[in-house]
Amino acid sequence: MSIELVEVVRSGFRECVHRGSFVVLRPDGEVDIEVGRVHTPIFPRSCNKPMQAVAMLRNGFVPSDAAELAIASASHTGEQTHLALVRGLLARNGLREDQLQCPADLPTNEFARAAVLTNGARSKRVYMNCSGKHAAMLATCVANDWPTESYLQPGHPLQQAVVDTIAELTGEPETELGIDGCGLPIVPVSLVNLARAFAALVTAAPGSHERAVADAIRAHPAVASGTDEDDLTLMSAVQGLFCKAGADGVHAGALPDGTAFALKLDDGGERARVPMTAAILGRIGVDGGDVLTDLAARPVLGGGARVGTIRAIPGVLDL
């Protein structure tokens with residue numbers, strides 16, 4: 001079963017607790033730390049994006065550069081750099097914004113959202129955080145002369161290729177698909193096999209599709225996430241780290257030697273994710289300097305002043 005992982009302490013009082021599960025793998029792929037339900041499938045949400053990008057590369061998607069591959073793997077925040085990459089990808093493949101089938105949304109970056117609203121614009125599909133992945137999927141359809149209007153459907157050749165690729169990278173037996181927030185099929189994966197997939201990408205041979213995705217995300221973390229986003233902060237602080245956050249409290253990552261981790265918070269608590277990830281990285285000896293120390297103990301505010309901390313529960317990483 002899952003256990004208490006992260007606590008929120010306000011004025012010396014434990015105010016909240018987040019339960020969950022996590023796993024850490026050694027470079028040889030064997031389990032180093034296993035806490036909670038790490039063999040039970042979860043929805044990895046956007047942690048599946050790097051594997052989906054591998055499937056697209058294997059099936060004819062040819063990005064113009066590493067930044068375009070990063071936007072194809074991104075949970076972006078709708079900043080101008082992100083929008084330019086998505087629109088450029090579409091235009092280069094003779095596609096239009098109205099062919100995107102992700103939901104319309106506003107940018108999640110507060111300044112980008114304010115700019116949109118100030119100019120009287122409305123939500124658009126291109127602003128949605130998954131629009132880069134959807135644009136790349138449409139481009140993959142164009143490359144194969146597959147239908148573009150039905151690319152969301154589980155029976156579409158592209159989605160079948162995605163399922164096959166994720167099964168190969170994770171070693172996870174095929175289970176019933178769900179539907180992700182952006183409308184695409186989502187493949188359930190256990191935490192231990194999610195970590196193995198991230199390790200497989202980061203340790204793959206240079207020039208391989210797997211390594212290309214990991215390298216693109218590490219080279220362009222601001223494209224794959226956004227200004228002040230957690231993944232950008234983590235990958236900037238930790239040399240060689242490849243990581244990806246997923247909605248509802250999921251996070252996975254790997255170091256260049258193949259050491260890997262994956263975690264899931266039962267309540268989907270986003271605020272608990274990075275303190276837990278930072279604590280895991282510290283436990284396995286990663287040197288992230290003051291940045292990692294600060295992320296492992298995020299502030300709780302009262303009246304604008306720090307009055308507490310969000311942190312991994314002491315001792316939880318020693319189990």
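1. Helix α5 has 14 residues, which at 1.5 Å a residue should span 20 Å; the end C-alpha atoms of α5 are 20 Å apart, so the span agrees with expectation. The model is predicted, and every value in this note is to be read as computed from it.

2. How many of the residues of α5 are buried? The count is 11 of the 14, so α5 is largely enclosed by the rest of the structure. The buried residues are Ser131, Gly132, Lys133, His134, Ala135, Ala136, Met137, Leu138, Ala139, Thr140 and Cys141. They pack against four helices, namely α1, α2 (66–72), α3 (80–92) and α6. Just after α5 comes Asp145, which takes a positive phi of about 60°.

3. Helix α6, one of the packing partners of α5, covers residues 157–170. Its 14 residues reach 20 Å from the first C-alpha to the last, close to the 20 Å expected at 1.5 Å a residue. Buried in α6 are Leu158, Gln159, Ala161, Val162, Val163, Thr165, Ile166, Leu169 and Thr170. Their packing partners are α1 (49–58), α5 (131–144), β5 (185–186), α7 (191–202) and α8 (209–219). Just after α6, Gly171 has a positive phi of about 70°.

4. Lys124 lies in the loop between α4 (110–118) and α5. Between Lys124 and Glu97 the C-alpha distance is 8.9 Å, while the two are 27 residues apart in sequence.

5. Strands β9 (residues 297–302) and β10 (residues 305–312) pair in the antiparallel sense, over six bridges. Val300 stands opposite Gly308 in β10. The hairpin formed by β9 and β10 has two residues between the strands, and in this hairpin Gly303 takes a positive phi near 65°.

6. The largest nonpolar core holds 101 residues, of which Phe22, Phe61, Leu194, Leu241 and Met276 touch the most other members. The most is given to this core by α7, with nine residues. Which residues does Met276 contact, leaving aside its neighbours within four places in sequence? They are Leu5, Val6, Phe22, Leu263, Ala312, Val316 and Leu317.

7. For the protein as a whole, the secondary structure comes to 12 helices and 10 strands. A compact globule of 319 residues would have a radius of gyration near 20 Å; the protein has 19 Å, so the value agrees with that of such a globule. Along the principal axes, the C-alpha atoms fill a box of roughly 60 × 50 × 35 Å.

8. Of the 319 residues, 54% count as buried. The accessible surface comes to about 12,900 Å², with 50% of it belonging to carbon and sulfur atoms. Among contacts with a separation of 6 or more, 62% are between residues 24 or more positions apart.

Methods. Residues numbered from 1 in each chain as written. Predicted model: local features only at pLDDT ≥ 70, side-chain atom pairs only at ≥ 80, totals over all residues. Heavy atoms only, no water. Expected span 1.5 Å × (residues − 1). Buried < 20%, exposed > 50% of the residue type's maximum accessible area, 1.4 Å probe, protein only. Contact = heavy atoms within 4.5 Å. Pairing = 2+ DSSP bridges. Core = buried A, V, L, I, M, F, W, Y, C linked by side-chain atoms within 4.5 Å. Rg over C-alpha atoms; globule rule 2.2 N^0.38 Å. Areas by Shrake-Rupley, 256 points an atom, 1.4 Å probe, with all protein chains shown as cover.
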